[in-house]
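Please keep the sequence and the structure in view.

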Amino acid sequence: MPRYFQHWLAAVILVIVVTILPLSESFDYGEALTKSLLYLESQRSGRLPHNQRVTWRHHSGLSDGLEQGVDLVGGYYDAGDNVKFGLPMAFTVTMLSWGVIEYGEQIADAGEYHHALEAIKWGTDYFVKAHSHHNVLWAQVGDGDTDHYCWQRPEDMTTSRRAYKLDENHPGSDVAGETAAAMAAASIVFRRINPHYSHLLLHHAQQLFEFGDKYRGKYDESIGVVKGNYPSVSGYMDELLWAALWIYKATENMEYLKYVVEKGTSFGGTTWAMTEFSWDVKYVGVQIIASMLLLEEKHKEFKQVLEQYRSKAEHYICACLNKNNSTNLRRTPGGLLYTRQWNNMQYVSASTFLLTVYSDHLKTSNQTLECHGGTLGPDDILSLAKSQVDYILGSNPMATSYLVGYGPTYPKRVHHRGASMESYRESKGFIGCTQGYDNWYGKRDPNPHTLVGALVGGPDSEDGFEDDRGNYVQTEACTYNTAPLVGVFARLRELEGGEKSSTISLLSSS
């Protein structure tokens, strides 16, 4: 199909969709929140608890770490495969924790506070195990190359479960930094309801930061097998700033903030103007949080550097809103922020979270945003965030929800091993490595199990989407796609006047 015809067709579809949709389409953000937390249960590795709600999953990876003499049972599978990758898993937990820190009351009002904490703790319990010694962090279990040869349920895995570690001779400051950030952020979440656990997480966070900072290096140079899956393109300096800032937020120890201030230039925090926030690139997250510190009097002595961080943070927000002179984020004809083809939704959800948080920050502090293209208020920023969520939930040219299990139309052939085959609980017959490909992968039928709450990779740059299991660029979902939306769904539910739940208290024990 000629490209000009594709553009014309997309424009016609958009006009038709806009015409038939109500001017102010209403979505149930509370339902989306509930389902997003269900998805994380689908991704659990290890021995599943009695209160596991996703019943088509069962225990898996119960010997993880055994060959190396360490207990690495638990944690999350990152996507549709059966590998446990430390860097994206830690980012998932950091974003879940940040969502609860910002929007814990709104999540509680929706009755999902305990589920959110359980999702965080499933990750942090694993990180405590993975940080087995002061300067040792187990960063991966399994490897993508051998895993991708097979199409097996996690309950049947016959692929390598070799574990890979970082230590003084094999550094990985990026994974150590992100894991430290995740544990520090989670320590804030658990501070009131589980002080002992909070203290444990903070202790690990500080040790991991010290390890990552002292023995500097990229983890994909120490663990070569990760390069085909989660290479650290941005390096490790953003993660070290990110970790230091989160530990500062957890401890209020000025030494960590001084680290962020003093290394702002040399580590790129105050010099890199970014248009991406992801499991790999943390700079914008650092810049957003640093700029928010300007409001407090105790940070006055660092004002000059924090202002530099804010300048870069606002460059990003302006880029999302298409208000920079140059370097704006692309958008699809249907209005979706577009970074790149493969799993674009991860960037959409991460951007949407930052837009929501920064909008609320400006509103609370009675500020506006000055872009080259004009002055914007908090509502302008929140409006863009809401438009991205609404696109995800179905207000788009394909009239489909990209959050699986939400709405009348959503992807039915998600690229996901466990969901694409009959449940282990229902059929304990072993499915071999290639047997899964032969009997399940190529089927045109919808998956036997709906991967509820999964945010798939999503449409292409022209809003096109093909629901095909083999189309992993668009139909694979990842934990770090969904995690940033937990807080956003709760915030938008509040915005729409959602009722408060009487079943959850922020002070309830976890």
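A crossing is left-handed if the near helix is turned anticlockwise from the far one by less than a right angle, and right-handed if clockwise. Helices (H or I, at least four residues) and strands (E, at least two) are DSSP runs, numbered from the N terminus. In this sense the crossing of α12 and α13 is left-handed, and α13 likewise passes α14 in a left-handed crossing.

The model is a predicted one, in which local features need pLDDT of at least 70 and side-chain atom pairs count only at pLDDT 80 or more, whereas totals for chains, interfaces and linings use all residues. Residues are numbered from 1 along each chain as its sequence is written, and side-chain values use heavy atoms, with hydrogens and water left out.

**Helix packing**

The table gives the packing geometry, with axes taken as lines fitted to C-alpha atoms, for helices over the stretch in contact, and with angles that run from 0 to 180 degrees between N-to-C directions.

| Helix pair | Axes | Angle |
|---|---|---|
| α13 (345-364) and α14 (378-393) | 8 Å apart | about 150 degrees |
| α12 (303-320) and α13 | within 11 Å | roughly 115 degrees |
| α14 and α18 (479-495) | within 11 Å | roughly 105 degrees |

Angles under 35 degrees count as roughly parallel, over 145 as roughly antiparallel, 65 to 115 as roughly perpendicular and the rest as oblique. Therefore α13 and α14 are roughly antiparallel to each other, while α14 and α18 are roughly perpendicular.

Contact means heavy atoms within 4.5 Å. Where α13 meets α14, the α13 residues include Val 348, Leu 355 and Leu 362, and those of α14 include Ile 381, Ala 385 and Val 389. The residues of this contact divide into 12 nonpolar, 4 polar and 2 charged, where Ala, Val, Leu, Ile, Met, Phe, Trp, Tyr, Cys and Pro count as nonpolar, Asp, Glu, Lys and Arg as charged, and the others, Gly among them, as polar.

In the contact of α12 with α13, Arg 310, Glu 314, Tyr 316, Ile 317 and Cys 320 meet Ser 351, Leu 354, Leu 355 and Tyr 358, giving 6 nonpolar, 1 polar and 2 charged residues. For α14 with α18, the residues in α14 include Lys 386 and Leu 393, and those in α18 include Phe 489 and Arg 491; by class there are 9 nonpolar, no polar and 2 charged residues.

**Strands**

An open sheet is formed by 3 strands in the order β1-β2-β3, with antiparallel pairing, two strands being paired if DSSP finds at least two bridges between them. Because β1 (84-85) and β3 (163-166) stand at the edges with a single partner strand each, one side of each is left without a neighbour in the sheet. Strand β2 (residues 137-141) pairs with β3 over 4 bridges, and the bridge partner of Val 141 is Ala 163 in β3.

**Confidence**

The mean pLDDT (the predictor's confidence in each residue, from 0 to 100) is 92, and 93% of the residues reach 70 or more. Over residues 1-24 the pLDDT is below 50, and this stretch has 13 contacts in the model beyond near neighbours in sequence. Residues 502-510 also have pLDDT below 50, with 22 such contacts.
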